[in-house]
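Hi there,

Here is the structure I promised to pass on to you. Please open it beside this email, and we can walk through it together.

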Amino acid sequence: MTRARKALIDLSSTSYYHLIARCVRRAFLCGEDKYTGKNFDHRRRWLVERMKLLSSVFAIDIAAYAIMSNHYHMVVKVNRKEAINWSDDEVITRWYRLYKGSPVIDKYLQEQVLSDAEQSLVSELITKWRARLYDISWYMKNLNEYIAKKANKEDDCTGKYWEGRYKSQALLDEVALLSCMAYVDLNPIRAHTAKKLEESDFTSIQERLKQFEVSRTGSSPQKHREAERNPSQPKLLKPFGSYNKGNTLPFSLLSYFSLVDWTGRHIYLKQSGYIEKEVSNILVLLNIKEATWLDMVKSYGRHYANFVGARSKLKAHAAKNDVSWYKGVG
């Protein structure tokens, strides 16, 4: 049964969400169409560039992404508190980067005298725009409509481009967040379009790895060690930090690299090998057994529906929304 979006996105329960949108036509979102011989890889750049532009406008950070041939994945964090704390002028400036705005707002910006009715309208508009600027549905509307119009123009056709509304999963705890990010970053490995993370084009893991390697290239041993202690990270992706560092993903970047690499080798590439210290540490920290972790990532798509988390989290969230249960293995 289809649930209302307001029942799927509950910022009081979690600020992290997994988003998926799929192309409806045989004409690919990206990649090469074997029927026409056309290549659509350039559309991957459209998506990544648009995602990052929108994240610089909205109070929504990108934690992970993967752009595949006919669909894409994103893991995002909604920063509602940040948006609430923006000044009125900040809200207007951000909104005007995407929309034409309003004559009464223009009058307000020009510091013209406003009537009581106009002042009330200004306040009403700013309140509405502020709420939209941390709304996932408005973010996805801006992303998908832009890509659809551009692709339709390129294909010289009209009609529906996306397969219905986007899908969302609420990530209710840190294990859910980490396993979902790994699942997203390993998409090209799982689809056999890449054998290494470094070759996984148009994924957040590739972007993070490239940034890290650039920061180490040609550096002295001392700077090399410093780069590993404080690794350089892409500016427009949510940074990794630690469990006690605010406004970051609650894991270290190098541990995440090791974990995703180890997971990919064991699940998809069928390679044996010992478990690295960084991988062992992060799994111990999260109180997850190796076999359980591998099963979570390998069977992620089958294990969960709209909500991901420990069994206790799923039960609590279901009760909060007056339903008996949510699909999930916890």
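Predicted model: local features only at pLDDT ≥ 70, side-chain atom pairs only at ≥ 80, totals over all residues.

Residues are numbered from 1 along each chain as its sequence is written, and side-chain values use heavy atoms, with hydrogens and water left out.

**The chain as a whole**

The protein chain has 16 helices and five strands. Both are DSSP runs numbered from the N terminus: helices are H or I with at least four residues, and strands are E with at least two. Of the 330 residues, 48% count as buried. Buried means under 20% relative accessible area, exposed means over 50%, and partly exposed lies in between (1.4 Å probe, protein chains only). Among the contacts with a separation of 6 or more, 65% are between residues 24 or more positions apart.

**The sheet**

In what order do the five strands of the open sheet lie? The order is 2-3-1-4-5, and the pairing is mixed. Two strands pair if DSSP finds at least two bridges between them. As background, strands of a sheet pair through backbone hydrogen bonds, either parallel or antiparallel. Strand 2 (60-67) and strand 5 (307-308) are the edge strands, each pairing on one side only.

Strand 4 (residues 167-171) shows you both senses of pairing. With strand 5 it pairs in the parallel sense over two bridges, and Leu-171 stands opposite Val-308 in strand 5. Strand 1 and strand 4 run antiparallel and are joined by four bridges; here Leu-19 stands opposite Ser-168 in strand 4. Strand 4 is also mostly covered, with four of its five residues buried.

Helix 8 (residues 174-185) lies across strand 1, strand 2, strand 3, strand 4 and strand 5, and runs at about 40° to strand 2. For such angles, axes are lines fitted to C-alpha atoms (for helices, over the stretch in contact), and the angles run from 0 to 180 degrees between N-to-C directions.

Val-76 is buried, with a relative accessible area of 1%. Leaving out residues up to four places away in sequence, Val-76 touches Ser-15, Tyr-16, Tyr-17, Leu-19, Ile-60, Asp-61, Ala-63 and Ile-136. Val-76 and Ser-55 are 21 residues apart in sequence, and their C-alpha atoms are 9.4 Å apart in space.

Thr-14 sits in the loop between helix 1 (5-8) and strand 1. Is Thr-14 buried or exposed? Thr-14 counts as buried because its relative accessibility is 8%. A polar atom of the Thr-14 side chain lies 2.6 Å from the backbone oxygen of Leu-171. Beyond its neighbours within four places in sequence, Thr-14 is in contact with Ala-170, Leu-171 and Leu-172.

Asn-187 belongs to helix 9 (residues 187-190) and is buried at 5% relative accessible area. The side chains of Asn-187 and Arg-190 make a polar contact at 3.0 Å. A polar contact is a pair of N or O atoms within 3.5 Å; within protein, one must be able to donate a hydrogen and the other to accept it, and residues adjacent in sequence count only if both atoms are side-chain atoms. Not counting residues up to four places away in sequence, Asn-187 touches Ala-66, Met-68, His-71 and His-73.

**Two crossing helices**

The axes of helix 12 (residues 253-267) and helix 14 (residues 290-298) come within 10 Å and cross at roughly 80°. These two helices are therefore roughly perpendicular to each other, a label used for angles of 65 to 115 degrees, with under 35 roughly parallel, over 145 roughly antiparallel and the rest oblique. Leu-259, Trp-262, Thr-263, His-266 and Ile-267 in helix 12 meet Glu-290, Trp-293, Leu-294, Val-297 and Lys-298 in helix 14.

Glu-290 in helix 14 is partly exposed, with a relative accessible area of 41%. Glu-290 and Thr-263 are 27 residues apart along the chain, and their C-alpha atoms are separated by 9.4 Å.

Enjoy exploring!

Best wishes

Definitions and conventions. Contact = heavy atoms within 4.5 Å.
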